[in-house]
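Subject: Structure handover

Hello,

Here is the structure I promised you. Please open it first, then read my notes below.

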Amino acid sequence: RIQILFENVMDVYDVAVVGAGAFGSSTAYQLSKQAPHLSLVLIGPDEPEQDEKPSRDIFGCHYDEGRVTRVIGEDPVEQILASRSLDQYGELEKESGLKIYTESGYLTYGQVIEGDTYLETTNQVTDTFCTEHGIPYKKYNNKSEVMSEWKGLHIEYDKCEGRYTPVKGGCLSIRNLVTACSKIAAKRGATILRTVVTAITKEDCGYRLCMSDEGELGARHVVITCGSFTHHHPALLPRAPQLTYLSHTVLRFEISGGEVLDRYRSLPPFADIYDKKLLVYVLPPILYPDGKWYMKIGHSVYDNDPLCRVLETPSDVSSWYRQPDNPEARIFLRDRFYRIFPDIAATQPPEVIDFCVFSVTATGKPYIGFCDEGMFMAIGGNGKGAKAALEIGNICAKAAITGEWDYDIKPSSFRIVYEG
């Protein structure tokens with residue numbers, strides 16, 4: 001009956017997921033698991049080859065082997081989503097045959113600054129969450145305690161506190177997570193379309209989706225997960241959510257092997273909160289597809305970070321992904337990395353620079369909820385979406401199946417703020 005109601009549309013699905021990054025692929029995975037009877041399509045371009053980037057407009061934040069996952073943090077909701085995602089990686093790895101998560105713990109430490117509550121809040125929320133959920137953790141009261149346990153790591157400032165969890169934290173291959181979720185969803189019967197949705201119109205029986213290749217399809221329910229390209233095609237949503245797009249740069253240092261590689265492979269990923277709400281995060285050596293080991297450093301999501309730049313237009317967002325280099329960011333990140341690891345600084349290892357974009361919401365939490373009847377959105381990772389993606393996909397799947405909010409965290413925790 002729904003097929004008849006859509007005129008001139010060849011394919012009609014129960015659910016269409018628009019955006020095939022971390023949130024979208026996770027949603028497709030969860031839907032195919034929970035409701036295999038529903039017809040499902042996941043729509044979004046694949047990761048581009050290097051020579052395709054100059055002609056590409058749409059990119060994703062999942063083109064990487066190394067992301068941090070953790071339950072240490074300042075937001076209890078964020079901790080719950082991360083923890084529940086962590087609990088599902090084993091099953092996903094087993095079914096896909098891909099390595100997604102390496103549990104090595106997580107470390108955070110920072111400078112104690114009078115009048116600054118960020119570090120204090122992070123420690124307090126972490127202590128409470130870990131205690132309530134039976135997660136072992138360790139407190140550090142000064143820099144000597146941190147440096148004596150984690151050899152080779154140097155802390156410049158004197159007043160320092162930190163936390164470490166040996167479990168529920170480590171390194172996440174977000175590229176493999178996206179690949180695994182898409183692969184399993186397709187195996188269960190989902191259709192994967194490697195194209196771009198340019199417009200969505202509401203009809204009596206659901207939604208009509210127009211695509212960049214001039215194709216069309218129909219869907220009873222739509223889940224929007226377009227990340228930093230949400231505003232690229234204004235006709236996707238009935239109302240535009242309020243989002244700020246911030247530039248992000250990471251620098252990878254090649255670790256060629258030997259003693260340095262052996263020493264730092266046992267290091268957990270960590271955050272160094274070196275100033276008020278300013279931090280860098282570092283991942284231990286990770287093997288990348290080019291066969292080389294890299295340690296990675298990135299910077300904080302906040303707009304007071306010296307490396308964050310507001311990207312005003314969709315064109316700005318696309319251009320950010322296509323740029324070949326960013327000397328200012330390279331110098332800054334190299335300096336921070338060498339301050340932490342003076343022994344690596346002495347070797348001057350080769351570097352690789354990468355770029356992505358933070359989708360920052362007005363609330364600091366992802367926008368998750370209904371934006372119209374039969375239309376649901378999950379947008380705005382705030383630079384922390386990777387570790388929560390699998391559980392956010394679960395929220396989206398339940399909403400698409402039931403047509404209502406069906407989760408044990410109140411929808412107000414993810415309220416959507418619109419422009420205007």
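The count of salt bridges comes to 32. A salt bridge here is a side-chain nitrogen of Lys or Arg within 4 Å of a carboxyl oxygen of Asp or Glu. Side chains of opposite charge can pair when their charged atoms come close.

A word on the source. This is a predicted model, where local features need pLDDT of at least 70 and side-chain atom pairs count only at pLDDT 80 or more, while totals for chains, interfaces and linings use all residues. Residues are numbered from 1 along each chain as its sequence is written, and side-chain values use heavy atoms, with hydrogens and water left out.

Now some of the pairs. Arg70 and Glu78 form a salt bridge through their side chains, at 3.5 Å from N to O. Are these two buried or exposed? Buried means under 20% relative accessible area, exposed over 50%, and partly exposed in between (1.4 Å probe, protein chains only). Arg70 is buried at 13%. Glu78 is buried too, at 10%. Both belong to a network of salt bridges that links Arg70, Glu74, Glu78, Lys384 and Lys387.

Next, Asp158 and Lys143 meet in a salt bridge, again described by an N to O distance of 3.5 Å. Asp158 lies in the loop between helix H6 (143–149) and strand S7 (160–165), and Lys143 lies in helix H6, so the pair ties together parts 15 residues apart in sequence. Helices (H or I, at least four residues) and strands (E, at least two) are DSSP runs, numbered from the N terminus. Asp158 is exposed at 61%, whereas Lys143 is buried at 19%.

Arg252 pairs with Asp354, and their closest N and O atoms are 2.8 Å apart. Arg252 is buried at 9%. Asp354 is partly exposed at 23%.

Now look at strand S12 (residues 216–224). Seven of its nine residues are buried. Which strands pair with S12? Two strands pair if DSSP finds at least two bridges between them.

- S1 (residues 11–18) runs parallel to S12, with seven bridges. Asp11 has Leu217 as its bridge partner.
- S11 (residues 206–211) runs antiparallel to S12, with four bridges. Tyr207 has Ala219 as its partner.
- S19 (residues 375–379) is parallel to S12 over three bridges. Val223 has Phe376 as its partner.

S11 and S12 also form a hairpin with four residues between them. In that turn, Glu214 has a positive phi of about 75°.

Best wishes
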